[in-house]
Amino acid sequence: MIIVLLGYMGSGKSTLGKELATALKYSFLDLDDYISDKETASVGEIFKTKGEIYFRKKETAYLKDIIGTSENIVLALGGGTPCYSNNMELLINNSKVVSFYLKLSIPLLVDRLFTEKEKRPLISHMASKEDLTEFIGKHLFERSQYYSLAHHVINTDHKLQSEILEELQSQLI
Ligand code: S3P
């Protein structure tokens with residue numbers, strides 16, 4: 001089985017994914033890290049030197065590679081992965097894949113992302129929390145239609161990591 005965690009930047013996909021993989025004794029993969037390893041460059045460097053379109057092409061190609069394996073994997077996607085090419089269709093039509101949208105409200109995303117924006121090329125230039133709030137509001141509005149196609153939606157606002165993990169696992173039984 002391949003358990004896919006998706007959602008906006010800062011929604012906890014990688015942190016929760018690692019924990020879930022440990023609990024289930026699955027391997028853990030972070031798509032951004034996988035791309036960085038294969039391309040021997042950070043996501044920020046790829047955006048800067050080769051551009052976003054190149055990154056999106058590679059993102060789809062590596063996603064296909066990963067979901068083609070027969071291993072048990074927890075896979076954390078990048079925030080934009082579900083919204084490009086036919087990535088969501090690939091995930092929905094693969095019977096090995098179970099997907100979860102980790103949903104977090106805009107104010108909580110802003111709080112988390114404002115302090116960690118430097119490593120994220122799409123928001124690194126945001127000067128104030130107000131600018132970031134406006135950006136995320138619009139961006140999430142566009143992206144929600146893709147995220148909502150996930151098999152399960154988990155509301156994570158004000159929940160402990162342990163509670164979210166329990167919820168994820170209870171949906172897998
Ligand atoms: C992106 C999210 C990032 C990374 C890239 C683009 C996006 O991943 O893939 O910077 O389009 O939302 P995280 O969600 O892990 O930050």
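Student: At the start of α2, which backbone nitrogen does a side-chain oxygen of D30 reach?

Tutor: The backbone nitrogen of D32, to within 3.0 Å. Helices here are DSSP runs of H or I with at least four residues, strands are runs of E with at least two, and both are numbered from the N terminus. This is a predicted model, in which local features need pLDDT of at least 70, side-chain atom pairs count only at pLDDT 80 or more, and totals for chains, interfaces and linings use all residues. Residues are numbered from 1 along each chain as its sequence is written, and side-chain values use heavy atoms, with hydrogens and water left out.

Student: Which residues of α2 are buried?

Tutor: In α2, residues 31-39, the buried ones are L31, Y34, I35, S36 and E39. Buried means under 20% relative accessible area, exposed means over 50%, and partly exposed is in between, with a 1.4 Å probe and protein chains only.

Student: What covers them?

Tutor: The cover includes strands β2 (27-30) and β3 (73-76), along with helices α3 (43-50) and α4 (52-67).

Student: And what follows α2?

Tutor: T40, with a positive phi near 45°.

Student: Back to α4. How many residues does it have, and what is its reach?

Tutor: α4 has 16 residues and reaches 22 Å from first C-alpha to last, close to the 22 Å expected at 1.5 Å a residue. The expected span is 1.5 Å times one less than the number of residues. Buried residues in α4 are F55, R56, E59, T60, Y62, L63, I66 and I67.

Student: Why do residues three or four places apart point the same way?

Tutor: An α-helix has 3.6 residues a turn, so residues at that spacing point the same way.

Student: New topic: L109. Buried or exposed?

Tutor: L109 counts as buried because its relative accessibility is 1%. L109 sits in helix α6, residues 106-115.

Student: How far is L109 from S11?

Tutor: They are 98 residues apart in sequence and 6.9 Å apart in space, C-alpha to C-alpha. Contact means heavy atoms within 4.5 Å. Setting aside neighbours within four places in sequence, L109 is in contact with Y8, M9, G10, S11, L104, I136 and L140.

Student: What about H152, where does that lie?

Tutor: In strand β5, residues 152-155. Again leaving out neighbours within four places in sequence, H152 has contacts with V98, S99, F100, Y101 and Q171.

Student: Last one: where is Y146 found?

Tutor: In helix α7, residues 129-147. Y146 counts as partly exposed because its relative accessibility is 30%.

Note on methods
Polar contact = N/O pair within 3.5 Å; in protein donor to acceptor, adjacent residues only side chain to side chain.
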